[in-house]
Amino acid sequence: MHANQFGTVPQDGSFGLANAGFYRVYNPSNPRLFQWTAGAELIAVAGKKPDLFFSDLFMGGSAGPFELSVGQRKEYMGLSDSLLTMGGIAMSSNFRPYPKIELRTRRFVSILPYNDFLSFKFSYSDGIFGPADVHFGNVRRIEESYLHQKSFYIKLGGKRHRLNLLAGFNHQAMWGGEDKIFAGGLKRQEAYSYVVFGKPWADSRVGNHFGTIDVAADWKGNKWNLFLYRQSIYEDGSLSNLSNLADGLNGLRFKRNTSGTKSGFRINTILLEFLYTKNQGGEVFDFTTGTFGRDNYFNHYVYSQGWSYRGRSLGSPFIPSQSMVQNELRNNAASFTPNNRIMAYHAGISASFNKVTFNFKGSHSLNSGTYTIPFSKTIRQTSLLLDISSPIFASKSNRLSIMLAADFGELFPNSAAVLLGWRKSGFIR
């Protein structure tokens, strides 16, 4: 229930949750070259851990398809489904947005004039993570840490083509405090250049780097669209010699492309995903032979928080924090996760009956711990979620929803939850 909700839903205990958001959106029918956008969403939580924060708080301006923005907002990175997915590996919708400045394209932009057969999409941003605990070097805490992020994707095929092929990459790096952590460490400006280009330094790299190389194929059928995608992990060079090629996220989505009748039962989307992270370049890490296995995804030898922000995984929720798993599986307070060698199966279905919508997610994972501290046996875990939503008051802008969720297995504490909600949305003119 709390996974892939941008960190807005509490992890435990009964709670009340209220949010209010106001946005100025781009007008696609406006012929002006320059437009502006802004948004704010305030979240209030009453319960075991009361909280009040902005999830979205940003302002941006665009010149055609190019946008420059400042602030924090909910976004999704990578080639995959975004509604029913278990979550992207490197960057998902599992964590609370962080403040950043970003230059990006709002959509795929045609390279050839008057022809959309070849197009590209990119983003480049730098954000602030705040203070960070350190378990290596000369200090145990730094006052400022940052996240650098960039992506580039290219697409072959346009709106009139049945088949579109997509490929690209995203690259992220958490960094900061190098001049304090290491003796003779790099100053911030110099360290930033090492971060951006991933240049080696002191038998390692500056910062905690993580990203994926993505490929996808999108087929537009007469009634159904098929979307096939793959996200391959790269971290410390294992992918360059193909030693961790087995690791990655694979997905196949069937999506209905016709609206059809509004009455009766209809299946609109079916998603199947498979996640594998057990290889990690092998179990050998040896500088002398140049064998760099044991990638230890989401953990880091410098930053205690690993690949996370405010206690939540930046990437796949299937690689959890120490605090989320059963007490007996928590093995190292200096590591973010005790479990990054997993094999997970996931299915999602979106359906409707008249005006009522149904979203179902089901996942089953086999968990092996880490190479450093493996579990004594394979740990199995199953998670289920059903979200039902219906309009009320004879208005599409008012919807009543009920969400049912359960976790049962050996990785997380067994739990079940019900969430009842009401949502109103629309335009203010």
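How many cavities of 30 Å³ or more does the count come to?

Modeller: The model is a predicted one, and the count comes to 1 cavity of 30 Å³ or more. The largest cavity has a volume of about 60 Å³. Its lining is made by Glu178, Ile181, Phe182, Trp201, Arg205, Val206, Gly207, His300, Tyr301, Val302 and Tyr303. Sorted by class, that lining comprises 7 nonpolar, 2 polar and 2 charged residues. Glu178 and Arg205 are among the lining residues, and both belong to the charged class.

Next, the open space. The second largest pocket has a volume of about 890 Å³. It is lined by 38 residues, of which Tyr76, Gly78, Leu79, Phe108 and Lys121 are the closest to its centre. Two or more lining residues come from each of strand E5 (100–105), strand E7 (115–133), strand E8 (141–156), strand E9 (163–175) and strand E12 (208–220). The lining of this pocket divides into 13 nonpolar, 11 polar and 14 charged residues.

The loop between strand E6 (109–112) and E7 holds tyrosine 114. Its phi is near 60°, a positive value in a residue other than glycine. Tyrosine 114 counts as exposed because its relative accessibility is 89%, and the cut-off for exposed is over 50%. Glutamine 280 also is not a glycine and has a positive phi, of about 55°. This residue sits in the loop between strand E15 (265–276) and strand E16 (285–286). With a relative accessibility of 1%, glutamine 280 counts as buried, the limit for that class being under 20%.

Serine 350, in strand E20 (residues 342–353), has a relative accessibility of 11% and therefore counts as buried.

Valine 418 counts as exposed because its relative accessibility is 60%.

Conventions:
Residues are numbered from 1 along each chain as its sequence is written. This is a predicted model: local features need pLDDT of at least 70, side-chain atom pairs count only at pLDDT 80 or more; totals for chains, interfaces and linings use all residues. Side-chain values use heavy atoms; hydrogens and water are left out. Buried means under 20% relative accessible area, exposed over 50%, partly exposed in between (1.4 Å probe, protein chains only). On a 1 Å grid over the protein atoms alone, a cavity is a set of points where a 1.4 Å probe fits but cannot get out, and a pocket is an open set with protein on both sides within 12 Å along at least five of seven lines; lining residues have an atom within 4 Å of a point. Grid points are joined across faces, edges and corners, and a volume is the space filled by probe spheres set on the points. Helices (H or I, at least four residues) and strands (E, at least two) are DSSP runs, numbered from the N terminus.
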